[in-house]
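Subject: A structure for you to look at

Hi there,

I'm passing a structure on to you, and my notes on it follow below. Could you open it first and then read along?

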Amino acid sequence: MSEYEFRVERLTPANLSDVQALWGQMYSAEEIEQRTRIFHWFALGNPYVSDELPPYYLLVDSDRVVGMHGHAPWPFSLGGRREQGFMCYDDMLSVDYRGKGLGKIMLKGVADLRPELAGALWHNEANNRLYAKADWHDFTDFCPFVKLYDPGPLLRRRLGGALGGLLAGPGRLALSLVDRLRGRARDDGYRLERIDRFGDEFDDFFASVEDQFDAIVVRDSTYLNWKFVDKPFTPYARWAARDADGRLAGYVVFRTFSGEDGSYGQVMDVLADPRSGAFSVLIQKALDEMRAERVGEVRIACTHSGFAGALRGLGFLQSSHVLHFMILHWEGRIEPGWETSARHWYLSYSDGDGDCWTT
Ligand SMILES: CC(C)(COP(=O)(O)OP(=O)(O)OC[C@H]1O[C@@H](n2cnc3c(N)ncnc32)[C@H](O)[C@@H]1OP(=O)(O)O)[C@@H](O)C(=O)NCCC(=O)NCCS
């Protein structure tokens, strides 16, 4: 196949059935129904789309749609300067077009059409390799943190059912003892309250802390409500912290879920002023709430070095599992050196489409 037979174009409502046909190659009717709900909320509901077209690009071979690539407008704050960029997700090629270098043609075609800064998180192996071939820059030091309460599932996975099961009880006791000795985060006079919707004061809060982060997605009320309140499934717990004067000092968003081998907690997003103690207070609150639901393990992805220190203080360990974050068209937009390490990017599990597919 020659690359000149292909063109890359924006998805229009007229092509929606072509996209569903692509989904039909991989997903059951039930999964397609779920993807359609996600499409309405996450793609069509993206508050930054200005032309009312779905934020997707297609690879078209003559008249046949053979590939799709989500490329959605997304606001960044780079050194305190706001810039509209894009976040990419949901790549798929028709089965008979895979393994022929066409994914790269699709990504290169979109890159030519959209020269703005783009980021992408949450790749599987094939996608990670594809993006690297299309010249995306890969951060390999973005690794989540884990806090264990019940080592049973881990021990059973590593040592097998019998031995792992035998050691689970003493392991639980030891962890609980260490936790008690470590103590809790000091509350420092912060007051915690549930968030129903993120109001305007979250805009002011973000504006007051954004210059503390080198590169960060703009977490204002528009973004936070879209991602964590208006999602039509997966309810999140949302808490805000206020300081002794009643000023907003940060928020945390989390959820619990059942896995095959146990119950888990995941901190989807958290933001606080790194100069304050609010981060630890918010994480402690999330831990308390999730523990009340008897989770055996809590996960959080967080790149700020100060926050990483606070997590270690609360008993989290950093995993070696890399959550690939990749960027394109960053040259001249970020400070030289910020492409060397994910610690220059404030990233959480919720960045990109991370929390999009969980049901
Ligand atoms: C991702 C995708 C668009 C890439 O298409 P492509 O450009 O034709 O590339 P390939 O399918 O050949 O895969 C790229 C690389 O990943 C490897 N790969 C493919 N499937 C893989 C898998 N399931 N596990 C591990 N590696 C895989 C290929 O061998 C290839 O390796 P190479 O670069 O060393 O040759 C295509 O594989 C696809 O549509 N996959 C299904 C949907 C999907 O998984 N999307 C990503 C969601 S995060």
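Let's begin with the overall layout. The chain is divided into domain 1 (3-137) and domain 2 (145-321), with bounds that come from an automatic or database domain assignment. Residues are numbered from 1 along each chain as its sequence is written. Please keep in mind that this is a predicted model, where local features need pLDDT of at least 70 and side-chain atom pairs count only at pLDDT 80 or more, while totals for chains, interfaces and linings use all residues.

**How the domains meet**

Taken over C-alpha atoms, the centres of domain 1 and domain 2 are 30 Å apart. Across the boundary, 12 residues of domain 1 are in contact with 13 residues of domain 2 (contact: C-beta atoms, placed from the backbone, within 7 Å). On the domain 1 side, helix H2 (29-44) and strand E3 (64-78) each supply at least two residues. Helices (H or I, at least four residues) and strands (E, at least two) are DSSP runs, numbered from the N terminus. E3 gives the most to that side, with five residues. By class, the side of domain 1 that touches domain 2 has six nonpolar, four polar and two charged residues. Here Ala, Val, Leu, Ile, Met, Phe, Trp, Tyr, Cys and Pro count as nonpolar, Asp, Glu, Lys and Arg as charged, and the others, Gly among them, as polar.

**Around the ligand**

The ligand is surrounded by 15 residues, and the closest are Arg98, Gly99, Gly103, Glu125 and Ala126 (a residue counts as near if its C-beta atom, placed from the backbone, lies within 6 Å). Strand E4 (81-93), helix H3 (102-113) and helix H4 (125-133) each supply at least two residues of this shell, and H4 gives the most, with five. The shell divides into five nonpolar, five polar and five charged residues.

**Two helix pairs**

H3 and H4 also pack against each other, at an angle of about 60 degrees and with their axes 9 Å apart. Axes are lines fitted to C-alpha atoms, for helices over the stretch in contact, and angles run from 0 to 180 degrees between N-to-C directions. That makes H3 oblique to H4 (under 35 degrees is roughly parallel, over 145 roughly antiparallel, 65 to 115 roughly perpendicular, and the rest oblique). Gly103, Lys104 and Leu107 of H3 make the contact with Leu130, Tyr131 and Lys133 of H4.

The other pair is helix H5 (residues 152-159) and helix H6 (residues 161-182), which pack at about 150 degrees with axes 7 Å apart. That makes H5 roughly antiparallel to H6. Among the residues that meet are Leu155 and Leu159 in H5 and Leu163 and Leu167 in H6.

Enjoy exploring!

Best wishes

Definitions and conventions: Contact = placed C-beta atoms within 7 Å.
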